[in-house]
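Work through the exercises below with the sequence and the model side by side, and try each task before reading its solution.

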Amino acid sequence: MNRLKPKSEFGRNVLTLMTGTTIAQAIPIAVSPILTRIYTPEDFGLFALYMSIASIGAVIATGRYDLAVMLPKKDEDALWLLIASGIISFGISLFSLIIVFLFNDQITALLGNPNISDWLYFIPISILFSGLYQSLNSWANRKKAYKTMANNRMTQSTITAGVNVGAGFGHLPISGLIVGGVSGLLVSTLLLARKTYREIRHYLPLKGWLKMKILMKKYINFPKYDIAATLSNVMSYQITYVLFNSISSGATAGHYYLVQKVLGLPTSIIAASIQQVFKEKAISDFNVSGNAKALYINILKKLLFLAVPPFLFLFFYAQEIFVLFFGQNWAIAGHYAQILTPMFFLQFIASPLSYILYITKSQRLNLYTQIIMLLSVLGSFACGYLFNNIDLVIILISLSMSFIYLFYILISYIKSKGI
């Protein structure tokens, strides 16, 4: 068994995160065949709509300063950025609560699903704890606390799945999918906060709040460019649920959500774990040698080796797999999955490697690319609406996003050379 363990620190760290993330993602996938039989596509559509709004809000929840927590050489400077991102999260959450109270009816009408009205009041809670979780997770990543990160993901996943199933079987007059998601996020954030406090308490109380202002100005490119870039990226995915609710039905949004959940699994498990460790190693390589070309090529080869067989299999048999695991009611989701497989394959490859753009301070380029991504999604829906063809929407999304991910792979390679 010892011979099978990775010899390098990088490999061991990836394995730790990947193991925890695999278990964390395996839990909801394992209960998905149960959930798809106790919840309808419309239920999943409502949950997808809620999550789309919460995810868009989470982008601005920290001002993107959570990404900067990894970068300072001194832990004390990183802690100031952690505090800054936390303060921003509270402010954004309070602002969103005011908006929901004042404009609930108007927002509900705009979203095209009256069932979302009461759940809008939970959005500020999701935004707050998403922001805090992102910031605390970056601190844990900085401290190489990969075991803590892995355990935290498993805890979140377990609680979410438990509430989902329990609420469904209990026939409660609430959306068990939404309550489960919020519960898992809340508990995992509180546990991570407790662990982080034990690590940072010897720095407290910090003095000289001017230091935080200086650091926020130093890393101003994160809110200046990355908010718009990431917002465009998240909206490229999440706005689809809003638009499906508007031009088709909640059921269509539910089918599309299940595809995103299942085909996004490899990215969530493997690519995300590799990215977490890739961040730290790439930053180190740039500090030492001024480039990360060798690391980039090495990781690219590994990603291709891992991705080609499963995605090729899915491309041919996705519809049969969806019917087998999730039931006949989800055959449409399997059809969508076949169309979207190339996009998810390229996303899997590009996702970890694109962090090079942050290290090389290429946020402006990333912003422009993300805007193009968003416009391509909107254009896909416009064409589908014009021809009254949902399949056309899915095909155009898959094609346009695939080309964009190919661009990310290429530009990340160029940037890895220190150019």
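In what follows, Ala, Val, Leu, Ile, Met, Phe, Trp, Tyr, Cys and Pro count as nonpolar, Asp, Glu, Lys and Arg as charged, and the others, Gly among them, as polar. The model is predicted, with local features needing pLDDT of at least 70 and side-chain atom pairs counting only at pLDDT 80 or more, while totals for chains, interfaces and linings use all residues. Residues are numbered from 1 along each chain as its sequence is written, and side-chain values use heavy atoms, with hydrogens and water left out.

**Exercise 1. Describe the lining of the second largest cavity.**

A cavity is a set of points on a 1 Å grid over the protein atoms alone where a 1.4 Å probe fits but cannot get out, and its lining residues have an atom within 4 Å of a point. By class, the lining residues divide into 4 nonpolar, 2 polar and 2 charged.

**Exercise 2. How do α2 and α10 pack?**

Helices are DSSP runs of H or I with at least four residues, numbered from the N terminus. Axes are lines fitted to C-alpha atoms over the stretch in contact, and angles run from 0 to 180 degrees between N-to-C directions. The axes of α2 (residues 41–60) and α10 lie 7 Å apart at an angle of about 75 degrees, and these helices are therefore roughly perpendicular (65 to 115 degrees). Contact (heavy atoms within 4.5 Å) involves, among others, P41, E42 and F44 of α2 and G250, H255 and Y257 of α10. These contact residues divide into 7 nonpolar, 4 polar and 1 charged.

**Exercise 3. Describe how α12 meets α10 and α13.**

The axes of α10 (residues 250–263) and α12 (residues 293–326) come within 12 Å and cross at roughly 125 degrees, so the pair is oblique. L258, V259, V262 and L263 of α10 touch F311, L314, F322 and F326 of α12, a contact of 8 nonpolar, no polar and no charged residues.

Turning to α13 (residues 331–353), its axis and that of α12 come within 8 Å and cross at roughly 175 degrees, and the two are therefore roughly antiparallel (over 145 degrees). The residues of this contact divide into 26 nonpolar, 5 polar and no charged.

Terms used. Angles under 35 degrees count as roughly parallel, over 145 as roughly antiparallel, 65 to 115 as roughly perpendicular and the rest as oblique. On a 1 Å grid over the protein atoms alone, a cavity is a set of points where a 1.4 Å probe fits but cannot get out, and a pocket is an open set with protein on both sides within 12 Å along at least five of seven lines; lining residues have an atom within 4 Å of a point.
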